[in-house]
Amino acid sequence: MDGDTDIHRLDEDTVARIAAGEVVERPASAVKELVENSLDADATRIDVTVEAGGTELIRVADDGLGMSEADLRAAVRQHTTSKIADLEDLEGGVTTLGFRGEALHTIGSVSRLRIRSRPRANGDGGSATETTGTDATGTELVYEGGEVTSVGPVGCPEGTSVEVTDLFYNTPARRKFLKTKATEFAHVNRVVTRYALANPDVAISLTHDGREVFATTGQGDLQAAVLSVYGREVAASMIPVEASGDDLPTGPVESVSGLVSHPETNRSTREYLATYVNGRAITADAIRDGIVGAYGTQLGTDRYPFVVCFLSVPGEAVDVNVHPRKREVRFDDADAVRRQVDSAVESALLDHGLLRSGAPRG
Ligand code: ADP
Ligand code: MG
């Protein structure tokens, strides 16, 4: 050591694990990253399987673009991505969900990661005519505690399957902060639900401890996805919201679209308010207050409807620099956003005779 000091540099492994704890807080955060990777890989089907709330096993299998052996070896390294090349790409606007190139590396440094992947034979959805070449089979890569421990050929379908076991096995402090398996599963369920509702054209399923929780068909519209996720009763009570341009009061929101439930179909939790800004699942007080305000006295105190609502807002009106892992967003003119959402939802409810016009509003 140089001189007399207690200050020393942490070894790389310790640094990596500390950083990992900030990215991957709990099983649901790993699920989010893996599902985003599958969507970025152009998957048409994504099957999410978890055991013990995701603490023992998380598996996300897709039929997306897949990876070659070289891709796989690169993908688990830190700051490796195929999605942007430089800062210029970033400033030009990123269209993929990921771009930081840290998810696989990070998840792999606090778990045992097994990835099986096989590149798509050909991009235009042709039949299985191309079965020659080195990629006729897939590759399996195992990554444990931050190191590749084995790589080899394996028979597998086109696409990618990522298996995470023993999350936080080497970070006991983080493991200790996990809640009950039921609570961890509730977080996982919420994440997968948000992506399933926002991507009705992708067949997304969720299985917990061997029981299928839901499965969307991937062929439907939003209404069909709501039916698969929330069931018949909720789906039957949904009415469409569709407002843009002159339909809306002045404000930054360009359009509001989606489905909201009949006031009688409500719950005592905000859990079922699925709101999105520019395609990203977020929460914002302004949006929530606008929705709840539109229902007025039709909803009891602390009761919330089922909502799947997509807002389109120009980038400069919303704080896009919030960390991508944060789900909360802020608007420059939050009050205008609240009024716009209130108006859009109120018109939908009025159109369906679900509000007494002029009734006192809460
Ligand atoms: P990022 O998503 O920010 O690029 P990740 O660590 O999540 O970083 O993934 C690294 C790279 O691995 C991605 O850029 C992509 O090329 C590849 N990859 C990850 N998951 C998949 C997948 N399910 N299908 C195809 N490629 C994938
Ligand atoms: Mg990613």
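Eight strands form an open sheet in the order S5-S4-S3-S6-S2-S1-S7-S8, and the pairing is mixed. S5 and strand S8 (211-215) stand at its edges. Each of these two has a single partner strand, so one side of each is left without a neighbour in the sheet. From one strand to the next, the twist averages 10 degrees. This is a predicted model. A further open sheet is built from 5 strands, in the order S9-S10-S15-S12-S13.

- Strand S4 (residues 138-144) has 5 of its 7 residues buried, so S4 is largely enclosed by the rest of the structure.
- Strand S3 (residues 112-118) runs antiparallel to S4, and 6 bridges join the two.
- One of the pairs to look for is Leu-113 with its bridge partner in S4, Tyr-143.
- S4 also pairs with strand S5 (residues 147-154), again in the antiparallel sense, over 7 bridges.
- Within that pairing, Leu-141 has Val-151 of S5 as its bridge partner.
- Thr-139 has Pro-153 of S5 as its bridge partner.
- S4 and S5 form a hairpin, with 2 residues between them.
- Gly-145 sits in the turn and has a positive phi of about 55 degrees.
- In a regular strand, side chains alternate between the two faces of the sheet.

**Ile-58 in strand S2**

- Ile-58 belongs to strand S2 (residues 57-62).
- Ile-58 counts as buried because 25 other C-beta atoms lie within 10 Å, and the cut-off for buried is 20 or more.
- Leaving aside residues up to four places away in sequence, Ile-58 touches Pro-27, Ala-30, Val-31, Val-50 and Val-164.
- Two of these contacts, Pro-27 and Val-31, are also among the H2 residues that meet helix H7.
- Ile-58 and Val-148 are 90 residues apart along the chain, and their C-alpha atoms are separated by 19 Å.

**Helices H2 and H7**

- Two packed helices are described by the angle between their axes and the distance between the axes.
- Helix H2 (residues 27-40) packs against helix H7 (residues 181-198) at an angle of about 20 degrees, and their axes are 8 Å apart.
- That angle makes H2 roughly parallel to H7, because angles under 35 degrees count as roughly parallel.
- The crossing of H2 past H7 is right-handed.
- H2 contributes Pro-27, Ala-28, Val-31, Lys-32 and Val-35 to the contact.
- H7 contributes Glu-184, His-187, Val-188, Val-191, Val-192 and Tyr-195.
- Sorted by class, this contact has 8 nonpolar, 1 polar and 2 charged residues.

- Strand S9 (238-244) and strand S13 (280-282) are its edge strands, and each pairs on one side only.
- The twist here averages 20 degrees from one strand to the next.
- Strand S10 (residues 255-261) pairs with strand S15 (residues 307-312) in the antiparallel sense, over 6 bridges.
- Val-260 has Val-307 of S15 as its bridge partner.
- Helix H11 (residues 334-351) lies across S9 and S10.
- H11 runs at about 130 degrees to S9.

Notes
Residues are numbered from 1 along each chain as its sequence is written. Chains are lettered from A and ligands numbered from 1 in the order in which they are written. This is a predicted model: local features need pLDDT of at least 70, side-chain atom pairs count only at pLDDT 80 or more; totals for chains, interfaces and linings use all residues. Axes are lines fitted to C-alpha atoms, for helices over the stretch in contact, and angles run from 0 to 180 degrees between N-to-C directions. Helices (H or I, at least four residues) and strands (E, at least two) are DSSP runs, numbered from the N terminus. Angles under 35 degrees count as roughly parallel, over 145 as roughly antiparallel, 65 to 115 as roughly perpendicular and the rest as oblique. A crossing is left-handed if the near helix is turned anticlockwise from the far one by less than a right angle, and right-handed if clockwise. Two residues are in contact if their C-beta atoms, placed from the backbone, lie within 7 Å. Ala, Val, Leu, Ile, Met, Phe, Trp, Tyr, Cys and Pro count as nonpolar, Asp, Glu, Lys and Arg as charged, and the others, Gly among them, as polar. A residue is buried if 20 or more other C-beta atoms lie within 10 Å of its own, exposed if 12 or fewer, and partly exposed in between; C-beta atoms are placed from the backbone. Two strands pair if DSSP finds at least two bridges between them.
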